[in-house]
Amino acid sequence: MEENKIRRFDALTCAKHLAGMIHFQTVSDADHGKMDFQEFEKLHAYMEKTFPLVHQTLSREIIGKAGLLYHWKGTGKSNLEPVMLIAHQDVVPAGDESRWTYPPYEGTIADGHIWGRGANDCKCIMPAHFEAIEALIADGFVPDYDVYLGYGYDEEVGGSSAAEICQELLKRGIHLGMLIDEGSGVCPGEREGMSDSLVSVKLAEKGSGSYKITVHGKGGHTMNAGPKSIIAQAGQIALDLQNNPFPWHMSDCAELEFLSKAPYCLKEENRQIFADPAGHLAELTALLEHNPRENGKLRSTMVLTGIRSFPENAVPTEVELKVSSRILEGDTPQSLADALRQIVGDRAEVELVRGEAPSPTSRIDTPAYQCVKETYEALYPGVHVIPSLGVGGTDARHYYPVCDCVYRCSGYPYSSDGISINLHDFDENMELKNLGRGPEFFAYLLTHYGECQG
């Protein structure tokens, strides 16, 4: 597409629409009974009012308690499989609101940013879809293929609302040609030791495991100096877990990522390592060891997330440790449970509470991936588009039964002023001037999809 076919969007207008969405406290909980679904209903009403052309043109269904499935019926002039854009409506709790510079649910526009819970993760994605489609409809564009939008409501707690939407598509015999979920933004290359700017398009994501380690012991009253508390034993187990991380290994997706980055490394020695990552695993792990996100691409991880005991006036008979893992391809939830048992020995019991295997890896030799790549290259001249592995979880993992080309990328650039976006932290924000770039990306992507297939 030529430059004059790129649709531009006013950042301030986009910010005001996003601010309106931030107002609704769509906080998720693993226990749906603790969620305020009226906030989701208010969000739905707000979107209907704010984007009237979308809601006049696309059909909308409520899936489950608050999931949304939109359908934009195409002309049928092509035999292309549909495109689907997804995100999640829910956010994590704001925490201590006194620690926020601006109130977490106000969507304050100040200091060149918009501030609030969900400003970046990921309420900014939903209006980007709607801004783009609203503009396309106003321009008279009708796709020759169908377009679906899907929004779950419990992604932040690893819920299944996105899977419910996928099951609806599956029951209707719908197979998608491409699905795009939240993901990385365009960032300066020097930030990662690369030339020029780059963007990672995630082809896969790690699995997850939740484990309970229970230490049993003899109890008693605290007035007696008798039995030693098993809390100390639990503490030693926690230290042993920290000192015995899971071993490094190379997955196919991670290997592809490093190979793709190799030509753009600023340092010659890094180019050599990235050009043969499996053959230089020791050097690669040494290079990335102090970068938590990057070294997570080379091994399964475990983090101690909680400890539970009993009342103050009793020596506990039981102490529970909670461990959360992100699982790299080559490992499974059960294999990591076995590895934990090797570390713990007979000092405690290890239970796999919940586990999900790593996702499949989408291919890059497809028209769908070419569409994503060309979209970035048109909107960000000179950008290097890098296929990569996602170390976090997204709703995209649920959609492989209906799509082979599942990609994770946001269309937005990272903050250019060095201010942290603070995902899941106090003062979550998005840089104001970037807010038009997301809709720009999705508008181009939707109109370019047909051109890449022929």
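Predicted model: local features only at pLDDT ≥ 70, side-chain atom pairs only at ≥ 80, totals over all residues.
The largest nonpolar core comprises 103 residues, and the members that touch the most others are M84, M178, Y376, Y399 and Y407. Beyond its neighbours within four places in sequence, M178 is in contact with residues including P82, M84, A368, C371, Y407 and Y449. A second, separate core has 20 residues, among them F246, V323, I327 and L340.

The structure contains 1 cavity of 30 Å³ or more, and the space in the largest cavity is about 50 Å³. Its lining consists of C14, L18, C124, P127, A128, E131, Y412, L435 and P439. Of these lining residues, 8 are nonpolar and 1 is charged, while none is polar. Helices α1 (11-22) and α4 (125-138) each contribute at least two residues to the lining, and α4 provides the largest share, with 3 residues.

There are 23 salt bridges in the structure. The table lists three of them.

| Salt bridge | Closest N to O distance |
|---|---|
| E61 and R172 | 2.8 Å |
| D365 and R363 | 2.8 Å |

E168 and K171 both lie in helix α5, 3 residues apart, about one turn of the helix. E168 counts as buried because its relative accessibility is 18%, under 20%, whereas K171 is exposed at 65%. A network of salt bridges links E61, E168, K171 and R172.

Note on methods:
Residues numbered from 1 in each chain as written. Heavy atoms only, no water. Core = buried A, V, L, I, M, F, W, Y, C linked by side-chain atoms within 4.5 Å. Buried < 20%, exposed > 50% of the residue type's maximum accessible area, 1.4 Å probe, protein only. Contact = heavy atoms within 4.5 Å. 1 Å grid on protein atoms, 1.4 Å probe; cavity = no way out; pocket = protein on both sides within 12 Å on 5 of 7 lines; lining within 4 Å. Points joined across faces, edges and corners; volume = space filled by probe spheres on them. Helix = DSSP H or I, 4+ residues; strand = E, 2+ residues; numbered from the N terminus. Nonpolar A, V, L, I, M, F, W, Y, C, P; charged D, E, K, R; others polar. Salt bridge = Lys/Arg side-chain N within 4 Å of Asp/Glu carboxyl O.
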